[in-house]
Amino acid sequence: MKRLFGYPYGLWLTIFVVLPLGLIGYYSITATDAAGNTYFTLRHFHMFFEASFPGQPFFSRLYVNVAVRSLRLALMTTVITFILGYPVAYIMAGKGFSDKSVLLFLFIAPMWMNFLVRTYAWLAILSRNGILNTFLAWLGLPILDILFTDSAVLLGMVYNFLPFMVLPIYTALKKMDPRIIEAAQDLGANSPRVFIRVVFPLSMPGVVSGITMVFMPAAATFIIPNLLGGGQYFLLGNLVEQQFLRVGNWNFGAAIAVIMIGLMLVSTFILSWFGRAEAKEGGMKE
Amino acid sequence: MIAKKLYLALIVFFLYAPILVLMVFSFNYSRSQAHWAGFSLRWYRELFNDDQIMRAVRNTVLIGIFSTVAATAIGAAAAVGISKMGRRFKGIVMGVTQLPVMMPDIVTGISLRLLFIFVIRFIGAGNLGFGTLLLSHIIFNVPYVILSVMPKLQQMDGNLYEAALDLGSTPFGAFHKVILPEVWPGVVTGALLAFTLSVDDFMVSFFTTGSGVENLSIQIFSMARRGVNPRINALSTLIFIVIMVLLFLVHKRDQRLARDNSA
């Protein structure tokens, strides 16, 4: 009886996970001609990397540039959420907060709040007649017209992804044995040294999963750039959406999706390698 | 210490101030999101009179409930099955199970869109709509149920099931009376997770639904694209309250379980 449950689930996975991914792969390397014949081709990938500007430097070509901008924005989001989020996790995990559960709840709750609602909130705040500009005008300061700019998109990204950085780092710090820190102190290390040599390396698994939870979703999103960046802000996610739902070029859309999966695999690989190296250095050999 | 508290307070302010502003202006009489023109429930009235939004609410709730029930049943059964597999096969199955959790949502969304359209063309009937939306929610929820149930199964003593069989229980009886009570907390956690994810989802829904069938996230997206609309404030306020209550219940339950375990 128990054994029997395993095989239907294997079939389920094949139909609903493996086959759909296979279809993306299939579409990315085929094309259909006017007569309805489907044939093998790599021209979608070629198009992505060459676009119609063969003379231009690699990184300023149309689609490569979209990828570069997506990755750059995701990287900036990751760095800022890390800089803001690590101290939050560190302070929360430290001594002196008796009611951790309320605080933790405050940081987890936004993760479950609808992305769209949270992004819309900024749309209302940043708009020309929004509360931010009303407040600035009241103070006699010049108004900020940042909605539909890069800054607004970055702000929306940091706002949405910050809790995803805090939580895993907090979990890693919380798991740490406080006696290790005491041992380092007893052996004569001062506070910055304890932090750099002991606490930070031991929190590395949390940092790695925090980065994973922020970087890839940030590189793939199209809600935030769409709402806060106005229609003209184009990232990889927007490109996929456009190819599938508006242009109807599934083959090219699938090729972009394959490139996104590739980027995800590469970043996951780099991160896990980095996490292992750091953990080893911190003396965490198993 | 004061500096630390101040920093945390600032970040909490950053996280909650926008939502607070949003909620306050849902009660504003005028359309403005900055000038207070008096308390009013007019946007809530308009919200409840908006047929399109109400249809989206109904779709969201129905899909949330159906997909949770289905994904929980499938996920729990699959977890039991996986726990009995050989080591190598188990590794492969768990790896594939986790794929959709790790992949960007947009990839899951378009991959399912391609599958549904492929099948629709193949059988020559059907449309993207409520059915495909529901199925896609079941599909993306199953891994989360499995990942919640698996740890409970691993904690469980494998001999219990064998003992039940030896004592004359039928396999189904043993599953019902022995395994299920042991893994129940994991099943409930998985179900709560599934429901929240389903209600919250935008990306997968956006690609797997057809014209005319929208859930709340898609509805908010298409409204927000046209700019500020106080009805979204009212809707968001209600969603916020519902999610907070749900989360609070889950949180309380987790704490109680943690206490029971340590006691």
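Predicted model: local features only at pLDDT ≥ 70, side-chain atom pairs only at ≥ 80, totals over all residues.

Colleague: How many helices and strands does chain B have?

Modeller: Read along the sequence, chain B follows the pattern α-α-α-α-α-α-α-α-α-α-α. Its C-alpha trace spans about 75 × 65 × 30 Å along the principal axes. The count for chain B is 11 helices and 0 strands.

Colleague: Among contacts in chain B between residues at least 6 apart in sequence, what share joins residues at least 24 apart?

Modeller: Chain B has 263 residues, and buried residues make up 41% of them. For the contacts in chain B between residues at least 6 apart, the share that joins residues at least 24 apart is 77%.

Colleague: Which helix gives the most to the side of chain A that touches chain B?

Modeller: The contact takes 57 residues from chain A and 61 residues from chain B. On the side of chain A, these divide into 44 nonpolar, 11 polar and 2 charged. The most, 16 residues, is given by chain A's helix α1 (residues 2-28).

Colleague: Which residues touch the most other members of the largest nonpolar core?

Modeller: The core has 144 residues, and its largest share, 16 residues, comes from helix α7 (residues 150-175) of chain A. Leaving aside neighbours within four places in sequence, A:Ile256 is in contact with residues including A:Phe48, A:Leu236 and A:Leu239. Those that touch the most other members are A:Tyr120, A:Ile256 and B:Ile220.

Colleague: At what angle do helix α3 and helix α8 of chain B pack?

Modeller: Two packed helices are described by the angle between their axes and the distance between the axes. For α3 (residues 51-83) and α8 (residues 171-200) of chain B, the axes are 9 Å apart, and the crossing is right-handed. The angle is about 145°.

Colleague: How do the residues of the contact of α3(B) with α8(B) divide?

Modeller: From α3(B), the residues that meet α8(B) include B:Gly64, B:Ala71 and B:Gly75. Among those of α8(B) are B:Gly190, B:Ala191 and B:Ala194. The contact divides into 10 nonpolar, 8 polar and no charged.

Colleague: Is B:Leu180 buried, exposed or partly exposed?

Modeller: B:Leu180 is in helix α8 of chain B, and its C-alpha atom is separated by 9.9 Å from that of B:Ala77, 103 residues apart along the chain. A buried residue needs 20 or more other C-beta atoms within 10 Å, and an exposed one has 12 or fewer. B:Leu180 has 13, so B:Leu180 is partly exposed.

Colleague: Where does the kink in helix α1 of chain B lie?

Modeller: In α1(B), B:Ile11, B:Pro18, B:Val21 and B:Leu22 are buried. The kink in this helix (residues 2-24) is of about 40°, shortly before the proline B:Pro18, and lies at B:Tyr16.

Colleague: What is phi of A:Phe148?

Modeller: Most residues other than glycine have a negative phi. A:Phe148 is found in the loop between α6 (131-138) and α7 of chain A. With 18 other C-beta atoms within 10 Å, A:Phe148 is partly exposed. Its phi is positive, in a residue other than glycine, with a value near 65°.

Technical notes:
Residues numbered from 1 in each chain as written. Chains lettered and ligands numbered in written order. Axes fitted to C-alpha atoms, helices over the stretch in contact; angles between N-to-C directions. Helix = DSSP H or I, 4+ residues; strand = E, 2+ residues; numbered from the N terminus. Left-handed = near helix turned anticlockwise from the far one by under 90°. Contact = placed C-beta atoms within 7 Å. Nonpolar A, V, L, I, M, F, W, Y, C, P; charged D, E, K, R; others polar. Bend = angle between axes of the 7 residues up to and from the residue. Core = buried A, V, L, I, M, F, W, Y, C linked by C-beta atoms within 7 Å.
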